Each structure stands twice: as structure tokens, then as C-alpha cells.
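Have the viewer open as you read.

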Amino acid sequence: VGIKALREIHAAGIKRHQVGVFINVDGQLEYIDRVSELQMDGSVVGKITAHAWSRRLKRNIGIALVNIDLTVGKTVEIVFQDGRVADGITTELPFI
């Protein structure tokens, strides 16, 4: 990324930010770094870039890049690459 591109990004403002997602799905998810869509009210609001089972938290978690107006504590729908759908809740990072 060159200085010109960085200045354009700075002038336009931030459009996305990173959040955690608690994923409510039966069983333990394997680590996957394929992109899954996040939807809310039928609209795509972001993408999960990685997800896995957390042994420490005893639940499935993911890292998502979402629209800047999507805050933590929101219920989202996750559409996995294989077509499965699960509910999730956005949370702050790091996971605690």
C-alpha cells in the first residue's frame, strides 16, 4: 500500500473493524481459515475470517471483519462455506 492509498483511506474514514464472535453450533468446530458470511436481518454485515473450538472458553469462537456500525453484543447469522447456518453473538477482542 502506497502513501497515496493510505491518505485516501484516512480521508474516507474507517469502514470496517474486527470483532470476536461466539458461535452457537452443535459440536466443536475445527480450525478453519476460510471466509464465512455474517448476516443480520438478511443483509451481509461482515465475514468471519477464522473460527475454531476454544478449549479455554469451552465454546466455538471466530474472528470477524464487520461494518463499522455493527457493535458488540449483536446477534448475527453465520453462513458457512458448506451451507450450514448458525447463530452467533459479536464480542470484544481479546476473548475473555
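## Ground rules

This is a predicted model, so to speak plainly about thresholds: local features need pLDDT of at least 70, side-chain atom pairs count only at pLDDT 80 or more, and totals for chains, interfaces and linings use all residues. Residues are numbered from 1 along each chain as its sequence is written, and side-chain values use heavy atoms, with hydrogens and water left out.

Helices (H or I, at least four residues) and strands (E, at least two) are DSSP runs numbered from the N terminus. Buried means under 20% relative accessible area, exposed over 50%, and partly exposed in between (1.4 Å probe, protein chains only).

## The helix and its patch

Helix H1 spans residues 3–12 and is hardly covered: of its 10 residues, the number buried is zero. Leu6 sits in this helix and is partly exposed, because its relative accessibility is 46%. Just after H1, Gly13 has a positive phi of about 90°.

Val1, Ile3, Leu6 and Ile9 make a nonpolar surface patch of about 450 Å². Patches take residues with over 30% relative accessible area and no salt bridge, joining like charges within 9 Å and nonpolar side chains (Val, Leu, Ile, Met, Phe, Trp, Tyr) within 5 Å. The areas come from the Shrake-Rupley method with a 1.4 Å probe, and for residues only the protein chains shown count as cover.

## The core

A nonpolar core here is a set of buried Ala, Val, Leu, Ile, Met, Phe, Trp, Tyr and Cys residues joined through side-chain atoms within 4.5 Å. The largest one has 14 residues, and those touching the most other members are Val21, Ile23, Leu38, Ile48, Ala64 and Ile78. Strands E1, E3 (43–54), E4 (59–67) and E5 (75–79) each supply at least two of its residues, and the largest share, three residues, comes from E1.

Who does Ile78 contact, leaving aside neighbours within four places in sequence? Its partners include Val21, Ile23, Leu38, Ile48 and Ala86, where contact means heavy atoms within 4.5 Å.

## Strand pairing

Two strands pair if DSSP finds at least two bridges between them. E1 and E6 (residues 85–91) run antiparallel, joined by five bridges, and Phe22 stands opposite Ile89 in E6. E5 and E6 also pair antiparallel over five bridges, with Ile78 facing its bridge partner Ala86. These two strands form a hairpin with five residues between them, and Gly83 in the turn has a positive phi of about 95°.

## One salt bridge

The structure holds one salt bridge, meaning a side-chain nitrogen of Lys or Arg within 4 Å of a carboxyl oxygen of Asp or Glu. The pair is Arg84 and Asp82, with the closest N and O atoms 2.9 Å apart. Arg84 is partly exposed at 38% relative accessibility, while Asp82 is exposed at 55%.

Most residues other than glycine have a negative phi, and most peptide bonds are trans. Asp41, in the loop between E2 and E3, has a positive phi near 55°; this residue is exposed, because its relative accessibility is 78%. Lys58, in the loop between E3 and E4, has a positive phi near 60° and is exposed at 60% relative accessibility.

A cis peptide bond joins Leu93 and Pro94, with omega about 0°. Pro94 lies in the segment after E6.
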